[in-house]
Amino acid sequence: LFPGVGYGMMVVSTYIGIYYNVVICIAFYYFFVSMTRVLPWTYCSNAWNTPDCAGVLDGNLSSRAALNLTHLLNTTQKRTSPSEEYWRRYVLDLSDDIGNLGEVRLPLLGCLGVSWVVVFLCLIKGVKSSGKVVYFTATFPYVVLTILFVRGITLEGALTGIMYYLTPQWDKILDAKVWGDAASQIFYSLGCAWGGLITMASYNKFHNNCYRDSIIISITNCATSVYAGFVIFSILGFMANHLGVDISKVADHGPGLAFVAYPEALTLLPISPLWSILFFFMLILLGLGTQFCLLETLVTAIVDEVGNEWIIRRKTFVTLGVAVAGFLLGVPLTTQAGIYWLLLMDNYAASFSLVVISCIMCVAIMYIYGHRNYFKDIEMMLGFPPPLFFQICWRFISPAIIFFILVFTVIQYRPISYNDYVYPTWAISIGFLMALSSVICIPIYAIYKVCCSEGDTLLERLKNATKASKDWGPALAEHCSGRYAPAFSPSTESHLEVQPLQPEKGQSEAAAASPVQGSNGSAHSQDSRL
């Protein structure tokens, strides 16, 4: 009844895969332009700067402001930084409205092509190639984080930034947007409700200890986020100390943090191009790791859904087709209004729908498939039942928390805006349509399944639709145990004997049959396949 959940995940992964690679392409652009002696967003003496620009390292600031100390303070507090003008007026060449696409930013378009080529080459052989690349993309960012952390905590004002990072703001505790953003962050970092976890887990051994893996990944993920917070806010504290303003004035979120606030802080460091190269290289690696999972999820879903031998042998061409389609769909996001569309997709297509899909998935597994069946399946694979804490969380706590986040997000909904720009109604309507396009897969497929099910009444059809299919169970017979065990026992099977029509021919063929290696490591002869 609920394959629509899987289709909804694929729609969400498609949206994220389109715009997420645009973020990676911007990181590529900053990485390339950082290969210079002076970072281009250091001073206000460039052609794209305005008279309101006030760089902290710009000599013109003191000369203009020396005539009036009050004007100096106002300029310092309300200034337009060189990094912000570089971001808005040069990199994006931002238009005045989301409907005014303007021209395609060719440097971003070129970097978008580079990012998609890198993703395709790393996935050209599926998990065989991406698995090797991920060893580097998943571990090297820790090296860069450690280098930036050591440099950050040695700067003046770093302690102020860290204390700001660690001090709770209790007035935000009842803000639904905070909890919604926190849920979205967990969904992003852990990959919940994307389909990526299910896709990657399908390549594991049947008896893989996924319980141990889930504990390690969850702890490592949260610890990495906390560690990265120290790296970011130590340097933002240094920047706030240098400017003589409160750190809340320099702290930003979203693209503003990665491409405005932090790059400006890097200009204050000695050998700033080096730190900029390291920072954006880290962003590229982190983004590529996520993009690998997204693209592999889409490709695997297409190949498995079609399922014939022709498409399985041509999986590389499917990967190429998905990469080309993703590049073409990402071209509008490299226009002058591209950032508006990127944020619209981020806020609607991949936020609200993730919460809805995950909530329905929890309810469907625990209360329709049945928690007892699910726990027995896990015990069959692990060799032991899931701990009581997990059972309680899956049945009660997780669905309740997700549901309350969903309700409060709807109650305290605020339309999206970008700095001072307020999105028009038609753009917000498109955002809601993108959000619904993934969620609506669930009821549409459920209605289709009920209509196709056997039964004279609606209740009978619904009851039959909620039953597992006849072929549900482990894919390989050797893994079928417990309630999936075959009706006949091995002892009964051993007494069965098949007499060939031509005994002499059968004996010669049996002697020539070579063993076949099974998926569990044991050898089977060709005749045993009967």
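Visitor: Why is Phe136 called partly exposed?

Guide: Phe136 has a relative accessible area of 40%. Buried means under 20%, exposed means over 50%, and partly exposed is what lies in between, using a 1.4 Å probe and protein chains only. The value of 40% therefore puts Phe136 in the partly exposed class. Please keep in mind that this is a predicted model, where local features need pLDDT of at least 70 and side-chain atom pairs count only at pLDDT 80 or more, while totals for chains, interfaces and linings use all residues. Residues are numbered from 1 along each chain as its sequence is written, and side-chain values use heavy atoms, with hydrogens and water left out.

Visitor: What makes Phe281 partly exposed?

Guide: Its relative accessibility is 24%, so Phe281 counts as partly exposed too.

Visitor: Why are the rings of Tyr340 and Tyr421 called a tilted pair?

Guide: Rings of Phe, Tyr and Trp (its six-membered ring) pair if their centres lie within 6.5 Å; planes under 30 degrees apart are stacked, over 60 edge-to-face, and the rest tilted. The centres of Tyr340 and Tyr421 are 4.6 Å apart and the planes are at 35°, so this pair is tilted. Tyr340 belongs to helix α15 and Tyr421 to strand β2 (residues 421-422), so the pair ties together parts 81 residues apart in sequence. Helices (H or I, at least four residues) and strands (E, at least two) are DSSP runs, numbered from the N terminus.

Visitor: How do you know whether Tyr340 and Tyr421 are buried or exposed?

Guide: Tyr340 has 3% relative accessibility, so it counts as buried. Tyr421, at 13%, is buried as well.

Visitor: How many aromatic pairs are there in the whole structure?

Guide: The search finds 42 aromatic pairs. Phe136 and Phe281 form one of them, a tilted pair with 6.5 Å from centre to centre and 55° between the planes. Phe136 sits in helix α6 (residues 127-153) and Phe281 in helix α12, 145 residues apart.

Visitor: What makes Cys44 and Cys53 a disulfide?

Guide: A disulfide is a pair of cysteine sulfur atoms within 2.5 Å. The sulfurs of Cys44 and Cys53 are 1.9 Å apart, and a disulfide joins these two residues. With -65° about the S-S bond, their link is left-handed. As for Cys111, this residue is in no disulfide, and the nearest cysteine sulfur, that of Cys25, is 6.0 Å away.

Visitor: What makes Gln336 buried?

Guide: Its relative accessible area is 15%, so Gln336 counts as buried. Gln336 lies in the loop between α14 (315-330) and α15 (338-382).

Visitor: How do you know what span to expect for helix α12?

Guide: The expected span is 1.5 Å times one less than the number of residues. Helix α12 (residues 272-306) has 35 residues and reaches 51 Å from its first C-alpha to its last, close to the expected 51 Å. Just after α12, Gly307 takes a positive phi of about 75°.
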